[in-house]
Amino acid sequence: MKTIYNKIAICLAVAGLWSCDNNLDENVYSSITQQSYNYTTSDFWQVIAAVYPPLRNVVNGVDSYFIPQEVTADAIVMTPNASGWDDGGKYRVMHYQTWNSEQSHIRVMWNWFYQGVLFANNIIEQLEADAIPAPSPTDKQRGMAEVRAMRAFYYWQICDNFGDAPLVTARTSDLPEKTSRQEIYNFIVSELTAVIPELNEEVGGTMYGRMNKWAAKALLANVYLNAQVYTGQAHWNECIAQCDELINSGKLELSPNFKDPFRAHGVETNKEVIFTVPYDKLYAGGNTIHMWTWHTNSKKTFLTESAPWGDGAARGVSQFVETYDPDDGRLADTWLMGPQFEADGVTPIMCEYELRGQQVVYSKDLPDANYAHEGEGYRMFKYEVEQGTSDNSNTDVPLFRFSQVLMMKAECLLRLGQPGAGALVTQVRQRAFKDKPEKATVTDDQLKGNTVYNYGYVEDYKIVDPGDQSPVQFGRMYDELGWEFAWEMFRRRDAIRFGVYTKKSWLSHKPQGDHRTVFPIPEIAVTSNPNLKQNPSY
């Protein structure tokens with residue numbers, strides 16, 4: 001699971017990962033430099049692997065990619081509480097959607113996307129120049145394809161989160177200008193279409209956590225799924241075509257149990273996981289979700305090495321949690337809820353702050369997003385946190401799963417007015433309703449119906465302003481995506497695609513304008529590059 005990162009350090013030191021040439025004198029603190037290091041064929045795959053480490057930022061701490069993707073939408077919120085967790089209000093403004101170009105989450109996200117791009121550009125340049133000898137022509141072709149596909153992944157994130165942005169494909173000393181979102185989209189599609197035939201088809205093994213053919217197809221399907229948002233032109237049929245190839249490949253399948261892709265060990269052979277971020281608490285840290293969602297005394301429940309931070313911050317928005325069917329197994333598999341006990345299952349764990357002396361009870365309801373009492377709000381239970389976990393977890397974080405392939409195809413069929421969506425969603429639901437199999441079935445017509453989410457602005461636990469109450473087209477499909485993918489960093493993108501993100505009110509959020517579907521260019525990037533213009537309305 002973790003071997004992809006174990007030998008990367010030397011590659012990061014010698015691979016020349018800078019974005020531009022300059023004439024500044026450098027102080028060299030090592031005898032090994034890019035110019036002096038003699039690459040051999042044994043270095044080849046280690047250098048290819050150097051394109052992956054930026055991915056560890058997806059859930060790495062409280063400025064991670066997770067917050068813009070989940071906390072800005074309608075399923076998860078990070079609330080101040082008696083243990084702190086306000087940090088100048090930076091989590092609340094993500095919920096309110098009132099961020100500006102100096103928001104740390106946006107800057108960190110921009111930096112790691114472009115770090116990945118620049119890593120990829122440099123590796124591609126070295127491969128093209130034969131500066132890194134390949135074990136064979138086939139290895140060179142596959143290695144090049146893998147890095148180009150990863151570069152397309154990073155550019156997909158840039159296109160999705162920032163819209164118009166610099167498109168840089170080679171090292172240069174020139175300050176880049178913006179490229180239109182349409183052109184970035186075209187580049188991503190062109191790159192993936194070109195390299196997919198050359199990518200490795202192996203699943204698991206040495207390709208675990210890497211961009212193989214199936215991961216690239218899942219990426220391309222996601223790009224097509226959101227094409228209408230990016231370009232104004234839908235590509236539902238193209239998305240279905242990629243999904244069909246994945247479904248018919250014989251390489252992928254749903255796991256018997258919903259929790260299987262989120263285990264700390266044994267996921268390397270899981271055929272539902274298409275593309276994942278491998279973590280290791282010693283060698284590849286960064287999965288810290290449990291530290292910023294659980295109560296500090298949850299250490300006694302899960303026997304972790306490190307105590308979570310205070311009362312935690314990330315918790316479920318009550319209105320979203322209320323959408324679950326009580327018989328849906330994903331409710332208990334996703335959320336930590338109710339009275340909390342030590343590992344013996346008998347001894348209560350106790351509050352430490354304003355409710356000191358009382359048992360920790362994770363209740364569903366939140367008064368608003370501005371303050372939550374100790375224990376209020378359901379917490380993360382999706383990703384396994386094994387006994388002995390430090391502040392970094394061993395559990396990998398899937399980015400693409402086979403269930404998403406089935407759901408993407410279902411959504412596209414609905415939007416095209418073609419039959420079959422209900423059967424695909426039913427297939428995904430069946431493992432969530434093992435005790436009530438009759439509830440697993442959902443029809444095409446049901447998926448076309450409105451969402452069951454009770455939108456509106458909340459004060460003191462009650463909706464005081466319903467806001468926009470217009471029906472959500474294919475709202476039940478939107479609900480299904482929420483139940484299956486909560487905590488997996490899909491919600492912002494889904495909410496935009498279904499017209500919810502800038503239209504509806506929830507908890508303490510009210511609409512702040514359609515320009516919020518993309519983030520501003522970080523202020524530091526704009527002020528340091530006169531060729532960059534800020535995104536509209538920021």
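Helices (H or I, at least four residues) and strands (E, at least two) are DSSP runs, numbered from the N terminus. By this criterion the chain holds 20 helices and 11 strands. The radius of gyration, taken over C-alpha atoms, is 23 Å, close to the 24 Å that the globule rule gives for 538 residues, so the chain is as compact as a globular protein of that length. The globule rule is 2.2 Å times the number of residues to the power 0.38. Along its principal axes the C-alpha trace spans about 65 × 55 × 45 Å.

The model is predicted: local features need pLDDT of at least 70, side-chain atom pairs count only at pLDDT 80 or more, and totals for chains, interfaces and linings use all residues. Residues are numbered from 1 along each chain as its sequence is written, and side-chain values use heavy atoms, with hydrogens and water left out. The average pLDDT (the predictor's confidence in each residue, from 0 to 100) is 93 for the chain, and 93% of the residues score at least 70. Residues 1–26 have a pLDDT below 50. Beyond near neighbours in sequence, this stretch has 61 contacts (heavy atoms within 4.5 Å) in the model. Where pLDDT is low, the predicted coordinates should not be read in detail.

Helix H15 (residues 402–416) packs with helix H18 (residues 475–485). Their axes come within 11 Å and cross at roughly 175°. Axes are lines fitted to C-alpha atoms, for helices over the stretch in contact, and angles run from 0 to 180 degrees between N-to-C directions. H15 is therefore roughly antiparallel to H18 (an angle over 145 degrees). H15 contributes Ser403, Gln404, Met407, Ala410, Glu411 and Leu414 to the contact. From H18 come Met477, Glu480, Leu481, Glu484 and Phe485. By class, the contact has 6 nonpolar, 2 polar and 3 charged residues. Ala, Val, Leu, Ile, Met, Phe, Trp, Tyr, Cys and Pro count as nonpolar, Asp, Glu, Lys and Arg as charged, and the others, Gly among them, as polar.

An open sheet of 3 strands has the order E10-E9-E11, with mixed pairing (at least two DSSP bridges between two strands). E10 and E11 stand at the edges, each with a single partner strand, so one side of each lacks a neighbour in the sheet. Strand E9 (residues 456–459) runs parallel to strand E11 (residues 506–507), joined by 2 bridges. Gly456 stands opposite Trp506 in E11. With strand E10 (residues 462–465), E9 pairs in the antiparallel sense over 3 bridges. Glu459 has Lys462 as its bridge partner in E10. The hairpin of E9 and E10 has 2 residues between the strands, and Asp460 there takes a positive phi near 50°.

Terms used:
Parallel < 35°, antiparallel > 145°, perpendicular 65-115°, else oblique.
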